[in-house]
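This report concerns the structure shown below. Please consult the sequence and the coordinates together while reading.

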Amino acid sequence: MNIKIIGVGKLKEKYLKQGIAEYAKRLDTFCKLELVEVADEKAPEKLSAAEMATVKEKEGTRILAKIKEREYVYALAIEGKQRASEEFAAELDHLATYGHSAITFVIGGSLGLSPAVMKRSDDQLSFGKLTLPHQLMRLVLIEQVYRGFMINAGSPYHK
């Protein structure tokens with residue numbers, strides 16, 4: 001299985017890089033992992049609705065350029081469907097079994113994802129109504145992907 005995580009912005013925090021590297025190493029057994037960073041759009045602190053839409057559109061164009069036609073895409077969004085880890089693991093297994101060997105997860109920038117990215121997604125995934133920094137979300141997501149593989153392998157990792 002091929003797993004791709006696309007994130008907006010450059011990851012700078014050392015502790016997040018270390019955590020992601022650890023889970024990436026663990027995932028080597030289960031999948032080919034690709035971590036893709038696309039540039040975030042520079043913008044002033046206060047934006048009008050039109051300026052916000054422009055920023056999301058530009059970031060969205062960069063994201064869409066990294067997605068291949070046959071990839072199954074999960075957009076991470078607060079309004080997406082929340083799942084238990086077991087349910088998420090079963091979905092990953094189902095996708096792999098039924099011809100979706102390339103799965104892409106998209107994490108937007110601080111303003112979220114563009115309508116074009118949301119439209120391209122096959123499903124939306126939510127980790128709850130809490131707002132998390134998009135850099136931290138990369139670590140949370142990769143841990144949950146690892147957890148999903150461990151659940152499917154019958155490992156005691158998930159207790």
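Predicted model: local features only at pLDDT ≥ 70, side-chain atom pairs only at ≥ 80, totals over all residues.

## Nonpolar cores

The largest nonpolar core has 27 residues, among which Ile103, Phe105 and Ile142 touch the most other members. At least two residues of this core come from each of β1 (2-8), α1 (14-27), β3 (72-82), α3 (85-97), β4 (102-107) and α5 (134-152). Helix α5 provides the largest share, 8 residues. Beyond residues up to four places away in sequence, Ile142 touches Ile5, Ile20, Tyr23, Ala24, Leu27, Leu33 and Leu35.

In soluble globular proteins, nonpolar side chains tend to be buried together.

## Helix α2

Helix α2 spans residues 49-64. Its 16 residues reach 22 Å from the first C-alpha to the last, close to the 22 Å expected at 1.5 Å a residue. Val55, Glu59, Gly60 and Ile63 are buried in this helix. Viewed down the axis of α2, the buried residues fall within an arc of 135 degrees, and therefore line one face of the helix. Ala50, Glu57 and Thr61, on the other side of α2, are exposed. The packing partners of the buried residues of α2 are β1, β2 (32-38), β4 and α4 (115-120).

Glu59 belongs to helix α2. Although buried, Glu59 has no salt bridge: the nearest side chain of opposite charge is that of Arg62, 5.4 Å away. A salt bridge requires a nitrogen-to-oxygen approach within 4 Å. With neighbours within four places in sequence left aside, the contacts of Glu59 are Val8, Ala39, Asp40, Glu41, Gly109 and Gly112.

Gly60 is also located in α2. Gly60 counts as buried because its relative accessibility is 2%, and the limit for burial is under 20%. When neighbours within four places in sequence are set aside, Gly60 is in contact with Ser114 and Val117. Gly60 lies 41 residues from Gly19 in sequence, and their C-alpha atoms are 26 Å apart in space.

## Salt bridges

The whole structure contains 13 salt bridges. In one of them, Glu22 pairs with Arg26, with closest N and O atoms 2.9 Å apart. Both residues lie in helix α1, where a separation of 4 residues corresponds to about one turn of the helix. Glu22 is partly exposed at 30% relative accessible area, and Arg26 is partly exposed at 29%.

A salt bridge also joins Glu41 and Lys58, whose closest N and O atoms are 3.7 Å apart. This pair links distant parts of the chain, 17 residues apart: Glu41 is in the loop between β2 and α2, while Lys58 is in helix α2. Glu41 is partly exposed, with 21% relative accessible area; Lys58 is likewise partly exposed, with 41%.

## Charged residues of α5

Within helix α5, Glu143 and Arg147 are 4 residues apart and so are separated by about one helical turn. Their side chains meet in a salt bridge with an N to O distance of 2.9 Å. Glu143 is buried, with a relative accessible area of 12%, and Arg147 is buried, with 18%.

Key. Residues numbered from 1 in each chain as written. Heavy atoms only, no water. Core = buried A, V, L, I, M, F, W, Y, C linked by side-chain atoms within 4.5 Å. Buried < 20%, exposed > 50% of the residue type's maximum accessible area, 1.4 Å probe, protein only. Contact = heavy atoms within 4.5 Å. Expected span 1.5 Å × (residues − 1). Arc of directions from axis to C-beta. Lys, Arg positive; Asp, Glu negative; His and termini not counted.
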